[in-house]
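I opened a new notebook page for this structure.

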Amino acid sequence: MKKILMLLTAGLLSNLQAQERPKLVVGIVVDQMKMEYLYRFSNDFSNDGFKRLMGDGYTFQNMHYNYMPTYTAPGHASIYTGTTPASHGIVSNEWFSRKLGKDMYCTDDADVSTVGDGTKEEGMMSPKNLLTTTITDELRLGTNFKGKVIGMSLKDRGAILPAGHFANWAFWYSKTGSFISSTFYGDKLPSWVEKFNEEKHYMPYINKGWDLLKPKAIYNESLEDNNPYEGKLYNSTAPVFPYDLKDMYSKNDAGVLRSTPFGNNLLAEFAKKAIEKEELGKDNITDFLTVSFSSTDYVGHLLGPRSMELQDTYLRLDQTIADFLQYLDKTVGKDNYLLFLTADHAGAENVSFLKDHKYNVNSISPKDIRTNLKDFSMKTFGADLVLDYGSFNLFLNKEIISAKKLDLAQVKNLFKEYLMKQDYVKRVYTEEEILNSTGNDYYLNFIAKGYDVTQNGDLIILDKPGYIEYQGTGTSHGTTYTYDTHVPAIFYGWHVKKGESFNKKVITQIAPTIAQKIKVAFPNGTEANVLEEILNE
């Protein structure tokens, strides 16, 4: 009897140890998702998608980004590193490199090549420009590289940056219709990925086309189907349903799927196949799957936040998430996975829409900004001192400044004085002001957290609220304002109690919270501020 009791005790202790971590962690990022969408579209959601997560999980109603610029690449990097661009180095989607003398892309890597059926350029990607570790990296280290990490997205940056440096694989969508990767991860795609690609899962969506999911009357939270604030999907005659995707595909390529809700559907299919074939969550060594749904961003940029197309995209995503949760319940087990859902940034209202409702704001052409800066430089200094302008960064040509024996500080101040006179400008900060920030200036605090002295410009410009450096239709993002910073943050599943918080939280608290939850080391750049509500069971 004593021997039996000892065996039972040992078995119980072993089981308890196994339960210290979930079998699978799933990180979901919805590209360009405003928290407000969960409110505005709530009546039309099912009970099994977003409502299930919010009803049975823990929702942070007041989660924000804490730096500028609020773009896709720095957003994904910040979620998974638990720090901001000032530390992790992903300062934009692309930025001007003084070293290279040209723009560089966030995941560029000339030392790797495409794996799979993609173009040469599509696969020359890796996480080498990411300077700090991710929570996914720390899971790999914490399990002695036995726990698997798989990252995936329609966008390369949405797959690569969350998966980190030590991932088994990261996969992204090619305009050929295939999921591809790079030689950073392996020399040949797994056989299950090759088979998935051969089956051309994107074609049924192309053949079916895009019409409203529900009766038109349901979409009363949006503007009329054809309104002046929408762009046109692949040169369609008008931004109206139904959309003939077969025609668009024949004139372009499989990339057209990205700008429809079905890009998200395809990614969810791929995610389920990855769970099955990579056997994620099948043993007691925790695995991590990162999934970034990008179609919401493509649709938002092109058609705007008040379009029926965007609402339809979210109603369909709600169904996709409901189906994915059911799949996780069945394959991993309802109490065996920890899931979080958030966004890489939110997005602004269309400027023309606001202006038509008597808000005195304007769109600003980035091309006009560059032209005007150069004109000012020629008139003031007799030379074009503008090396580059992009992502709110102004780079000055220090070689010409030195050759003309101009005082650099004076040049910066004169550019600042000029910019502060422009109607769209709220603040301008020089490199010195940013680096000497005390944290007392609300806007400067955002900019300092997004500023890497080795990669950012000589001056940073903050536009006034409501202004967008963008075209006339659709929308964009990037600023310090709440319409760009306020995103969902929902935790669900393994050892997560039901509840909600209305206290302001910041996105860089997610990664260290997961680290504490699953008992691995913090990502090495994080300030380690955590969401205690998720840790208090």
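**Entry 1: the sheet.** I am working with a predicted model. I began with an open sheet of ten strands and noted mixed pairing. I wrote down the strand order as β6-β9-β8-β7-β10-β1-β11-β19-β2-β20. Next I looked up the edges. They are β6 (114–115) and β20 (499–501), and each pairs on one side only.

Entry 2: How many bridges join β2 to β20? I found three, and these two strands run parallel. Strand β2 covers residues 58–60. I also checked what stands opposite Phe-60, and found Ser-501 in β20.

**Entry 3: a helix on the sheet.** I then turned to helix α7, residues 156–163, which packs on the sheet. I listed the strands that α7 touches: β7 (149–153), β8 (169–173) and β10 (287–293). I noted an angle of about 165 degrees between the direction of α7 and that of β8.

**Entry 4: Asp-137.** I picked out Asp-137, which lies in helix α6 (residues 135–142). Is Asp-137 buried or exposed? Its relative accessible area is 0%, so I logged Asp-137 as buried; the cut-off is under 20%.

I looked up its contacts, leaving out residues up to four places away in sequence. Asp-137 touches Ala-163, Gly-164, His-165 and Phe-166. For His-165 I have a distance too: its backbone nitrogen lies 2.7 Å from a polar atom of the Asp-137 side chain.

Last, I compared positions in sequence and space. Asp-137 and Val-530 are 393 residues apart in sequence. From C-alpha to C-alpha, Asp-137 and Val-530 are 18 Å apart in space.

Terms used: Residues are numbered from 1 along each chain as its sequence is written. This is a predicted model: local features need pLDDT of at least 70, side-chain atom pairs count only at pLDDT 80 or more; totals for chains, interfaces and linings use all residues. Side-chain values use heavy atoms; hydrogens and water are left out. Helices (H or I, at least four residues) and strands (E, at least two) are DSSP runs, numbered from the N terminus. Buried means under 20% relative accessible area, exposed over 50%, partly exposed in between (1.4 Å probe, protein chains only). Contact means heavy atoms within 4.5 Å. A polar contact is a pair of N or O atoms within 3.5 Å; within protein, one must be able to donate a hydrogen and the other to accept it, and residues adjacent in sequence count only if both atoms are side-chain atoms. Two strands pair if DSSP finds at least two bridges between them. Axes are lines fitted to C-alpha atoms, for helices over the stretch in contact, and angles run from 0 to 180 degrees between N-to-C directions.
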